[in-house]
Amino acid sequence: MSATIKKFLYLNRKAPYGTIYAWESLEVVLIGAAFDQDVSLAFVDDGVYQLTKGQDTTGIGMKNFSPTYAALGDYDVKKIFVEKESLEERGLTLDDLQHLTWEDEDEDYAEKDSIALVSRAEMAALMGESDIVFSF
Amino acid sequence: MSKLHTVNKSPFEKSSLDACLQHVLDGASVLLLEDGVYGALRGSAAAESVERALASVKVYVLGEDLKARGFGEDRLINGISVVDYAGFVDLAAEADAVQAWL
Amino acid sequence: MKFAIQINEGPYQHQASDSAYHFTKAALAKGHEIFRVFFYHDGVNNASRLTTPPQDDRNVVERWAELAEQHDLDMVVCVAAAQRRGMVDDGEAKRNGKDATNIQSRFRISGLGQLVEAAIQADRLVVFGD
């Protein structure tokens with residue numbers, strides 16, 4: 001494997017279920033986690049709908065993939081950025097989203113928050129710093 | 001560090017152009033292609049936000065897509081440059097990364 | 001410079017594959033290297049050799065195959081996305097007990113790791129989609 005470490009940004013701007021983009025992009029994140037890159041996930045615009053808690057797909061007969069987000073910490077994916085303005089425009093707050101955490105091995109497996117709420121300007125800066133942007 | 005952002009949606013169908021313009025950093029480039037070229041036309045309700053962005057970012061339109069849709073360079077917002085696919089490649093190579101607003 | 005190309009949409013329905021093709025061709029003409037073209041989401045449908053467009057239209061699949069032939073392009077179709085959408089090569093047919101295949105021979109089916117690897121190895125990733 002290459003020694004190059006790149007800043008990967010997975011840009012999520014689409015809601016789940018209506019189209020498959022959210023689910024198939026999550027599949028890339030899971031596979032990509034094995035490559036030891038500097039990974040960030042960005043949830044912007046309708047992408048914030050991917051993280052809502054309480055998703056129940058029994059009535060539509062589709063796989064509920066929302067529990068997978070909670071497993072991201074186990075894959076060492078712990079930088080999840082949610083844009084504040086995108087939430088507000090949709091009448092949502094962090095309380096509407098799943099509480100995602102990761103365990104810090106260096107601090108006796110202390111549970112830490114994975115989600116960072118960032119402003120649009122901070123999100124723009126994050127995008128600007130990325131070496132690779134995956135869009136789906 | 002400067003990015004090339006690509007937008008391929010009409011600003012009247014999707015919010016991609018607005019979302020892009022709200023996140024571009026000064027000095028970045030924006031390329032409008034496919035249905036994104038409608039955002040490059042003068043006099044539309046979407047033109048104002050593009051004109052404002054032109055103060056701090058460079059905006060390009062893909063000439064082949066513009067022509068295919070029946071518009072000439074004379075209809076473009078002042079300050080937007082036309083590139084062909086080869087120019088698109090140059091923009092992608094000159095930027096340090098390409099970000100698609102799908 | 002090394003480019004990696006990601007295509008998220010199938011042929012004809014969206015312009016994504018056309019735009020990616022013209023970009024790839026222009027990049028090659030300028031002497032750049034195309035590290036890999038990766039087909040994801042409905043983009044896997046670009047690999048169907050059973051595609052039969054009308055004679056006065058472009059053949060998106062054949063056009064990719066010809067470009068790949070000329071420049072020895074590595075065109076990879078995501079296996080998970082392909083399985084969902086019924087894109088099958090010999091290996092997949094055998095593994096999943098399917099009675100037919102439909103992959104154009106210049107394309108190969110492989111894992112998502114190929115996309116991640118391309119993003120790491122190439123100087124630029126350019127994504128075409130909807």
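## A salt bridge between chains

Arg84(C) forms a salt bridge with Glu24(A), and their closest N and O atoms are 2.7 Å apart. A salt bridge here is a side-chain nitrogen of Lys or Arg within 4 Å of a carboxyl oxygen of Asp or Glu. The rule finds three salt bridges across the interface of chain C and chain A.

This is a predicted model: local features need pLDDT of at least 70, side-chain atom pairs count only at pLDDT 80 or more, and totals for chains, interfaces and linings use all residues. Residues are numbered from 1 along each chain as its sequence is written, chains are lettered from A in the order in which they are written, and side-chain values use heavy atoms, leaving out hydrogens and water.

## The interface

Chain C gives 21 residues to the contact (heavy atoms within 4.5 Å). Chain A also gives 21 residues. About 1,700 Å² is buried between them, with 60% from carbon and sulfur atoms. Buried area is the accessible area (1.4 Å probe) that two parts lose on being put together, summed over both.

## The side of chain C

Three elements of chain C each give two or more residues to the side that touches chain A: helix H3 (79–84), helix H5 (113–121) and strand S5 (124–128). Helices (H or I, at least four residues) and strands (E, at least two) are DSSP runs, numbered from the N terminus. H5(C) provides the largest share, seven residues.

Strands S4 (residues 101–104) and S5 (residues 110–113) of chain A pair in the antiparallel sense over four bridges. Pairing needs at least two DSSP bridges between two strands. Trp102(A) has Lys112(A) in S5(A) as its bridge partner.
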